[in-house]
Amino acid sequence: MNDLPVPAAPEPHEGAQGKPERYKTLIVVLTLITTIIASIVAGLQADANIRANTANRDSQYYAILASGELHRSGLQSTYDVNTLAGQSRELQESLVMQITSLELEEEGNKQGVAISDLIALAAQARADKLKTFSIFFTDARYAPTTEDGLPNAENYLVDIQAKANELVEKQNAAADDYHEWNSKADSYVAVLTVMAVAFFLFGLAQAMTGRMRLTFAIFGAVILLGATAWAGLVLVI
């Protein structure tokens with residue numbers, strides 16, 4: 001009895017077996033790309049956070065220096081103004097006593113003239129001494145250009161406030177840097193959160209088959225692309 005020929009088994013359709021594997025490989029590649037991009041964004045977030053902390057520290061440092069400089073300049077200006085006021089007061093007293101001496105001389109009061117002259121000389125001596133302690137007369141930047149001229153108070157006010165203003169500008173610049181880098185760090189955290197959604201979708205795609213696997217992979221890829229664009233925008237701006 002002749003054996004009947006056994007029909008050959010049908011060859012597996014290449015497309016039916018190739019597509020699922022191709023989708024699976026695609027998901028693995030997308031997951032790898034997402035991991036790399038997430039690592040880069042995490043590094044950028046850490047760098048932005050470090051820069052924000054550094055700027056915040058510098059801002060506080062300059063704020064302390066500015067406060068100290070304002071206190072120092074306040075004490076300095078108080079001393080300088082009081083010295084100038086005292087010198088002016090002694091000059092006025094000397095002038096008044098000189099006028100009084102002339103009036104007493106006309107009246108023939110020699111004793112009164114002598115006393116007035118002595119008081120006038122003493123007041124003038126005190127004024128001359130105070131002049132040597134006054135920055136308005138010892139510093140060429142503020143000293144009067146003529147013997148009867150007035151000190152340059154405008155230049156004095158500019159110079160006495162210059163250091164404090166410089167420190168305040170540095171403090172403001174550091175504060176602006178802090179807000180900028182802190183905002184970038186927060187944005188990178190948001191980007192990483194969105195990328196976590198892409199990771200979740202790729203994980204679901206691995207568990208699916210057929211078109212569902214491809215659908216989740218496409219959604220994950222779109223989210224990954226959007227998150228990458230967002231991270232690039234944060235980096236550039």
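This is a predicted model: local features need pLDDT of at least 70, side-chain atom pairs count only at pLDDT 80 or more; totals for chains, interfaces and linings use all residues.
**View 1. The largest pocket and its lining.** About 410 Å³ of space lies in this pocket. Its lining is made up of 19 residues. Nearest the centre of the pocket lie Gln87, Leu91, Phe137, Glu147 and Gly149. Two elements each give two or more residues to the lining: helix H1 (14-107) and helix H2 (110-133). H1 supplies the largest share, with eight residues. By type, the lining holds seven nonpolar, eight polar and four charged residues. Rolling a probe the size of a water molecule over the atoms shows where empty space is left.

**View 2. The packing of helices H4 and H5.** Two packed helices are described by the angle between their axes and the distance between the axes. Here the pair is helix H4 (residues 153-207) and helix H5 (residues 210-236). Their axes come within 8 Å and cross at roughly 165°. Angles over 145 degrees count as roughly antiparallel, so H4 is roughly antiparallel to H5. The crossing of H4 and H5 is left-handed. Which residue types form the contact of H4 with H5? The contact has 22 nonpolar residues, four polar and two charged.

View 3. Tyr79 is part of helix H1. Its relative accessibility is 42%. Partly exposed covers the range between under 20% (buried) and over 50% (exposed), so Tyr79 counts as partly exposed. Along the chain, Tyr79 and Ser134 are 55 residues apart.

Key. Residues are numbered from 1 along each chain as its sequence is written. Side-chain values use heavy atoms; hydrogens and water are left out. On a 1 Å grid over the protein atoms alone, a cavity is a set of points where a 1.4 Å probe fits but cannot get out, and a pocket is an open set with protein on both sides within 12 Å along at least five of seven lines; lining residues have an atom within 4 Å of a point. Grid points are joined across faces, edges and corners, and a volume is the space filled by probe spheres set on the points. Helices (H or I, at least four residues) and strands (E, at least two) are DSSP runs, numbered from the N terminus. Ala, Val, Leu, Ile, Met, Phe, Trp, Tyr, Cys and Pro count as nonpolar, Asp, Glu, Lys and Arg as charged, and the others, Gly among them, as polar. Axes are lines fitted to C-alpha atoms, for helices over the stretch in contact, and angles run from 0 to 180 degrees between N-to-C directions. Angles under 35 degrees count as roughly parallel, over 145 as roughly antiparallel, 65 to 115 as roughly perpendicular and the rest as oblique. A crossing is left-handed if the near helix is turned anticlockwise from the far one by less than a right angle, and right-handed if clockwise. Buried means under 20% relative accessible area, exposed over 50%, partly exposed in between (1.4 Å probe, protein chains only).
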